[in-house]
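Let's take a walk through this structure, piece by piece. Keep the 3D view open while you read, and find each part as it comes up.

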Amino acid sequence: MNERTSSRLDLALWGILGIAMMAALYLALVDAPRERTMGDLQRIFYFHVAAAIAGLTAFGVNFAASVAYVARRERKWDRVALCAAETGVAFLAIVLVTGPIWAKPVWMVWWTWSPRLTSSLVLCLLYVAYLLVRRYLEDPDRRAMIAAVFGIVAFVDAPLVWFSIRWWRDIHPSPMLESGGIDPAMRPAFWACLAAFELLLVYLLRRRCALEALEEELERLGRLAE
Amino acid sequence: MNTMTYLFAANAVIWIVLALFLLRLHARERKLGDEIGRLRRLIDKT
Amino acid sequence: MRRLWAVFRKDLAIELRTKDSLNTMLFFGIVVLVVFHFALRSGEVEARAAAPGVLWVAFAFAGTLGLNRMFAAEKENGCLEGLMMMPADRGVLYLGKMLAGTVFMLAAEAVIFVASLVFFNLEVWGELPWLALVFFVGTLGFTAVGTLLAAVAVNTRMREVLLPVILFPVVLPVLIHAVEATALVLGGADRGELKLPLAVLSVFTVVFGTIAYLLFEHVLED
C-alpha cells in the first residue's frame with residue numbers, strides 16, 4: 001500500500017470511528033431504556049463489555065500474529081503482535097477500572113473474586129508479563145521469537161485460567177449474553193458500543209503499527225548515518 | 001454517592017485511558033518523525 | 001529415548017554431586033512455611049484449612065528456584081551451547097530437563113511436606129498415597145510450562161528475576177486445582193471428587209508439554 005492511499009484510509013477510518021463513537025455514546029447513555037434494578041448505573045455495562053470483547057480480540061490478534069511469526073519469521077508479524085498486546089492491555093485496563101466502579105454501588109464492594117473479574121485480572125497480568133519479556137530482550141530477532149512463544153503460551157492458557165476459576169461461586173451477571181437475556185431495547189446500544197470499540201481497536205492497532213514501522217525506519221537510518 | 005456519580009466516573013475513566021493512549025502514540029509519532037527528518041538531512045548532507 | 005535419558009542423568013548427576021539447588025529449594029520451602037505461619041497468624045484449628053494453600057505456595061516458590069538454577073548455571077558455563085549440539089531434537093532436551101526438574105521438585109516437596117506435618121500438626125497416614133498422586137500430577141503441570149518459561153527467562157536481561165513474574169500467571173490453573181485437590185484429600189472428601197482436578201491437571205500437562213516440546217528449540221536458538 002502506498003503512503004497516500006494509506007493515509008486516506010486512515011482518515012476514512014477516523015471519520016467512521018468518530019461517527020460510530022458518537023452513535024454508541026448516544027445509544028448507551030440516552031437512548032437505551034433505564035434498567036429496572038440498577039437504574040442508570042447499568043449504562044456502564046455497554047462500554048465495559050465492549051472494551052472486554054475488544055481486549056479479547058486484541059489478544060486473539062496477538063496469538064494469530066505470534067503463530068504467524070513462528071511459522072514465517074517475518075518482522076511485520078512481530079510488530080503486529082506487540083501492538084496487539086499493548087492495545088489489549090489498555091482495553092483490559094478500562095475493563096478492570098470500570099468493573100469495580102460498577103460493582104461498588106451494586107454489590108457494595110469494589111472487588112469480589114468472582115470468576116470474570118479474576119480471569120480478566122489474570123489475563124491482564126499475562127499480557128503485562130508478555131510486555132515485560134519483550135522489554136528485557138535486546139536482540140530484535142530473539143525478542144520476536146521468544147515473545148511469539150510466550151504469546152502462544154499465554155493465549156492457550158487463557159481458557160484454562162477461565163475454566164479453573166469458574167468452579168468458584170459466580171455472582172457476575174454472566175448469563176445475560178449467552179442466553180440472549182438482554183432486553184431487545186438494549187441491543188442497539190450494546191451492538192453499537194461493540195462495533196465502536198472494535199473499530200477503535202482497528203484504528204489503534206493501525207496507528208500503533210505505523211509507529212513501530214517508524215521506529216524501525218529510524219533504526220535503519222541510524223545505522224546508515226553512522 | 002448516587003448512581004450518576006458512578007456512571008460519570010466510569011465514563012471519565014474510559015475516555016481518560018483512551019485519550020492517554022492516543023496522546024502517547026501521538027507524542028511518540030511526532031518525536032520519531034522529527035528524529036527521522038533530522039537523520040535524513042544529516043545523511044543527505046554527507 | 002537414550003538421549004532423553006542422557007540429558008536427564010546429566011542434570012541429576014550434577015545436582016547429586018553439589019546438592020546446591022536442592023538444599024536451597026528445601027530450605028526456602030521451609031522458610032516459606034514458617035513465614036506463612038506468622039503471616040496467617042494461624043492457630044492449630046485452622047491449620048488443616050490453610051495447609052493446602054501454604055504447601056503449594058511453598059512448592060511453587062521452591063520449584064521456581066530449582067528451575068531457574070537448572071538453566072542459569074548452564075547459561076553461565078556455556079553448557080547450554082554444548083547441549084544444543086546434541087544430535088537430537090531440541091524437544092528431547094526439553095523433556096530431559098522437565099523430568100529432571102520434576103524429580104528435584106518432588107524431592108523438595110517430600111521434605112517440605114514432612115516439615116509441614118510437624119508444623120501444622122497434621123495426621124495424614126491413611127491419605128498418603130492420594131496426596132502423593134496429587135503432588136505428582138500437580139508438579140508435572142508446574143514443570144511442563146515452568147521448564148519452557150525458565151528457558152525464556154534465562155535469555156532475558158533480567159535473567160532469573162523474571163521467572164516468577166511470567167510463570168505464576170500462566171501456572172495459576174495448576175495451582176488452583178492442585179490446592180483444591182489437596183484440600184479435598186485432607187478434608188477426607190469422597191475420592192471420586194478428585195477426578196475433576198486431576199483430569200484438569202493432566203490436560204494442562206499434556207497441552208503445555210506438547211507446546212513446549214514443539215517450541216523449545218525456538219527459545220534456545222541463537
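Chain C has a mean pLDDT of 85, and 96% of its residues reach 70 or more; pLDDT is the predictor's confidence in each residue, on a scale from 0 to 100. Residues are numbered from 1 along each chain as its sequence is written, and chains are lettered from A and ligands numbered from 1 in the order in which they are written. For the complex, the predictor gives an ipTM of 0.86 and a pTM of 0.85.

Now for chain A: its mean pLDDT is 81, with 87% of its residues at 70 or more. Over residues 168–172 of chain A, pLDDT stays under 50, and the model has 10 contacts beyond four places in sequence for them. Residues 175–180 of chain A are also below 50, and this stretch has 4 contacts beyond near neighbours in sequence. Where pLDDT is low, the predicted coordinates should not be read in detail.

## Chains A and B on their own

How many helices and strands does chain A have? The count is 7 helices and 0 strands, and along the sequence the pattern reads α-α-α-α-α-α-α. Helices here are DSSP runs of H or I with at least four residues, strands are runs of E with at least two, and both are numbered from the N terminus. Of the 226 residues of chain A, 43% count as buried.

Chain B has 1 helix and 0 strands. Its C-alpha trace spans about 65 × 10 × 5 Å along its principal axes. Of the 46 residues of chain B, 11% count as buried.

## Two helices meet in chain C

Look for helix α6 (residues 128–154) and helix α8 (residues 195–220) of chain C: their axes come within 8 Å and cross at roughly 20 degrees. That makes α6(C) roughly parallel to α8(C). Angles under 35 degrees count as roughly parallel, over 145 as roughly antiparallel, 65 to 115 as roughly perpendicular, and the rest as oblique. The axes are lines fitted to C-alpha atoms, for helices over the stretch in contact, and the angles run from 0 to 180 degrees between N-to-C directions.

Residues making this contact include C:Gly138, C:Gly141 and C:Ala144 of α6(C), and C:Phe204, C:Phe208 and C:Ala212 of α8(C). Two residues are in contact if their C-beta atoms, placed from the backbone, lie within 7 Å. By class, the contact of α6(C) with α8(C) has 15 nonpolar, 6 polar and no charged residues. Ala, Val, Leu, Ile, Met, Phe, Trp, Tyr, Cys and Pro count as nonpolar, Asp, Glu, Lys and Arg as charged, and the others, Gly among them, as polar.

## Another pair in chain A

In chain A, the axes of α2(A) and α7(A) come within 8 Å and cross at roughly 40 degrees. That makes α2(A) oblique to α7(A). Among the residues that meet are A:Tyr46, A:Phe47 and A:Ala50 in α2(A), and A:Phe190, A:Cys193 and A:Glu198 in α7(A). This contact of α2(A) with α7(A) has 14 nonpolar, 1 polar and 1 charged residues.

## Where the chains touch

Chain A puts 27 residues into its contact with chain B, and chain B puts in 21. On the chain A side, α2, α3 (75–107) and α7 (187–225) each supply at least two residues. Which helix gives the most to that side? It is α7(A), with 12 residues. The side of chain A that touches chain B has 17 nonpolar, 3 polar and 7 charged residues.

Chain C meets chain A as well, with 23 residues from chain C and 24 from chain A. The largest share of the chain C side, 9 residues, comes from α7(C). That side divides into 17 nonpolar, 4 polar and 2 charged residues.

Methods
Predicted model: local features only at pLDDT ≥ 70, side-chain atom pairs only at ≥ 80, totals over all residues. Buried ≥ 20, exposed ≤ 12 C-beta atoms within 10 Å, placed from the backbone.
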